[in-house]
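Take a look at the model below. The paragraphs after it go from the fold to its parts, and then to single residues.

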Amino acid sequence: MRPTPPSFPIFFLSLLAGGAGIAARLGYLPFLAGVAFWLVALGFVLLLIGSLFRNL
């Protein structure tokens, strides 16, 4: 199994999720503060899925 680069939509969604999680943790998005960790985790999982599976 060879990792492939994720497609742009998967990369962009993971960037948005991770960025929102970091911004929530820093207090810029207080309404998402309770799920900040899970947003960052979601960003990493999206990157992992995008790298492991082709054409995603």
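This is a predicted model: local features need pLDDT of at least 70, side-chain atom pairs count only at pLDDT 80 or more; totals for chains, interfaces and linings use all residues.

What do the buried residues of α1 pack against? They pack against α2.

Start with the whole chain. The protein has 2 helices and 0 strands. Its C-alpha atoms fill a box of roughly 40 × 15 × 10 Å along the principal axes. Of the 56 residues, 23% are buried. The accessible surface comes to about 4,300 Å². Carbon and sulfur atoms hold 76% of that surface. Take the contacts between residues at least 6 apart in sequence: 56% of them join residues at least 24 apart.

Now the helices, one at a time. Helix α1 has 18 residues. From its first C-alpha to its last it reaches 25 Å, close to the 26 Å expected at 1.5 Å a residue. Its buried residues are I10, S14, A17, G18, A20, G21, A23 and A24. Just after α1 comes G27, with a positive phi of about 100 degrees.

Helix α2 covers residues 36-52. At 1.5 Å a residue, its 17 residues should span 24 Å. The end C-alpha atoms are 25 Å apart, so the model agrees with that expectation. Which residues of α2 are buried? They are A36, L39, G43, L46 and G50. Seen down the helix axis, these buried residues fall within an arc of 75 degrees, so they line one face of α2. The general rule behind such a pattern is simple. An α-helix has 3.6 residues a turn, so residues three or four places apart point the same way. The face of α2 turned away from the buried side carries F37, W38 and F44, which are exposed.

Is S14 buried or exposed? With a relative accessible area of 5%, S14 is buried, because the cut-off for buried is under 20%. Leave aside the neighbours within four places in sequence, and S14 is in contact with G43, L46 and L47. G43 and L46 are among the buried residues of α2.

The other residue is G50, in helix α2. Its relative accessible area is 1%, so G50 counts as buried. G50 and I10 are 40 residues apart in sequence, yet their C-alpha atoms are 6.2 Å apart in space. I10 is one of the buried residues of α1. Beyond the neighbours within four places in sequence, G50 is in contact with T4, P5, P6 and I10.

Turn next to the aromatic residues. How many aromatic pairs does the structure hold? It holds 2. One is F8 with F12, a stacked pair. Their rings lie 5.9 Å centre to centre, with 20 degrees between the planes. F8 and F12 are 4 residues apart in helix α1, so about one helical turn separates them. F8 is exposed, with a relative accessible area of 60%. F12 is partly exposed, at 39%.

F37 and W38 form an edge-to-face pair. Here the centres are 4.9 Å apart, and the planes make 80 degrees. Are these two residues buried or exposed? F37 counts as exposed at 58% relative accessibility. W38 counts as exposed at 59%. Both are carried on the face of α2 turned away from its buried side.

F37 also has a neighbour to check across the chain. F37 sits in helix α2. Its C-alpha atom is 7.9 Å from that of R25, which is 12 residues away along the chain.

F11 is in helix α1. At 37% relative accessibility, F11 counts as partly exposed. F11 and F44 are 33 residues apart in sequence. In space, they are 9.9 Å apart, C-alpha to C-alpha. F44 is exposed, on the face of α2 turned away from its buried side.

Methods
Residues are numbered from 1 along each chain as its sequence is written. Side-chain values use heavy atoms; hydrogens and water are left out. The expected span of a helix is 1.5 Å times one less than its number of residues. Buried means under 20% relative accessible area, exposed over 50%, partly exposed in between (1.4 Å probe, protein chains only). The arc is that of the directions from the helix axis to the C-beta atoms. Rings of Phe, Tyr and Trp (its six-membered ring) pair if their centres lie within 6.5 Å; planes under 30 degrees apart count as stacked, over 60 as edge-to-face and the rest as tilted. Contact means heavy atoms within 4.5 Å. Accessible areas come from the Shrake-Rupley method with a 1.4 Å probe; for residues, only the protein chains shown count as cover.
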